Amino acid sequence: KLKEDPELILLMDAANGFNNLSRKGMLWTVRHRWPRLARFAFNCYRHKIRLVVRVPGQMSIILMSREGVAQGDPLAMALYGIALLPLIEHLRAEFPDVLQPWYADDGAMHGRGSRVAPCFQELCRAGPMFGYYPEVEKSIAICPLGDQPRLKARFHAAGLKVKWRRGHRY
């Protein structure tokens, strides 16, 4: 039974994670999860953020940002992590047997192939509602070489085209 359903680790990444995050959703979640930070976060992110690009000898270019958190902001990691808590909790409630460590927009899933594949499918389905857009093609599945054919077949049947490795830096 165990060999029919081998274990794997799936490393995931989001497309432009910090910029795609729903700012209103982030502020709402921070308000309910960390009320003491809510007013400060609201004051920082209630308006469009201006990025001034200066090129010597030319007019400055001003880019306006309405979504995401500002990279370089000391609070960005904390705000991004809090904003993803509802998504992560949803996945853990649906798939309690899949270990899921998260760090900012990088996540991993460890467990049996029969559980990791549908968990990843659910992340791909529900993630965009939270501003998390998984890049399936950049995701890396790690497992022993002998288990790859069975696991590849399972992921292929689910429509998930990930890269397969015997090892990878995490």
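## Helix H2 and its surroundings

Let's start where two helices meet: the axes of helix H2 (residues 23-33) and helix H4 (residues 76-94) come within 8 Å and cross at roughly 85 degrees. Helices here are DSSP runs of H or I with at least four residues, strands are runs of E with at least two, and both are numbered from the N terminus. The axes are lines fitted to C-alpha atoms, for helices over the stretch in contact, with angles running from 0 to 180 degrees between N-to-C directions. H2 and H4 are therefore roughly perpendicular to each other, a label that covers 65 to 115 degrees (under 35 is roughly parallel, over 145 roughly antiparallel, and the rest oblique).

Before going on, keep in mind that this is a predicted model: local features need pLDDT of at least 70, side-chain atom pairs count only at pLDDT 80 or more, and totals for chains, interfaces and linings use all residues. Residues are numbered from 1 along each chain as its sequence is written, and side-chain values use heavy atoms, with hydrogens and water left out.

Back to the crossing. On the H2 side, the contact (heavy atoms within 4.5 Å) is made by Met26, Thr29, Val30 and Arg33, and on the H4 side by Leu79, Ile82, Ala83, Leu85, Pro86 and Glu89. Sort these residues by type and you get seven nonpolar, one polar and two charged. For that sorting, Ala, Val, Leu, Ile, Met, Phe, Trp, Tyr, Cys and Pro count as nonpolar, Asp, Glu, Lys and Arg as charged, and the others, Gly among them, as polar.

Now look at H2 by itself. Its buried residues are Arg23, Met26, Leu27, Thr29 and Val30. Viewed down the axis of H2, they fall within an arc of 165 degrees, so they line one face of the helix; the arc is that of the directions from the helix axis to the C-beta atoms. Buried means under 20% relative accessible area, exposed over 50%, and partly exposed in between, using a 1.4 Å probe and protein chains only. Covering the buried residues of H2 are, among others, helix H3 (35-45), strand S2 (49-53), strand S3 (61-65) and H4. Turn to the face pointing away from the buried side, and you find the exposed residues Lys24, Trp28 and His32.

Next, the charged pairs. The whole structure holds eight salt bridges, each being a side-chain nitrogen of Lys or Arg within 4 Å of a carboxyl oxygen of Asp or Glu. One of them joins Asp97 and Arg115, at 3.0 Å from N to O. This pair links distant parts of the chain, with Asp97 in the loop between H4 and strand S4 (102-103) and Arg115 in helix H5 (residues 113-126), 18 residues apart. Asp97 is partly exposed at 46% relative accessible area, and Arg115 is partly exposed at 26%.

Lys138 and Glu135 also meet in a salt bridge, 3.1 Å from N to O, and together with Asp13 they are linked in a network of salt bridges. Lys138 is partly exposed at 44%, as is Glu135 at 24%. In the bridge between Arg150 and Asp147, the closest N and O atoms are 2.9 Å apart. Here Arg150 is partly exposed at 37%, whereas Asp147 is buried at 7%.

Finally, step back to the whole chain. There are six helices and seven strands, running β-α-α-α-β-β-α-β-β-α-β-α-β from the N terminus on. Of the 170 residues, 39% are buried.
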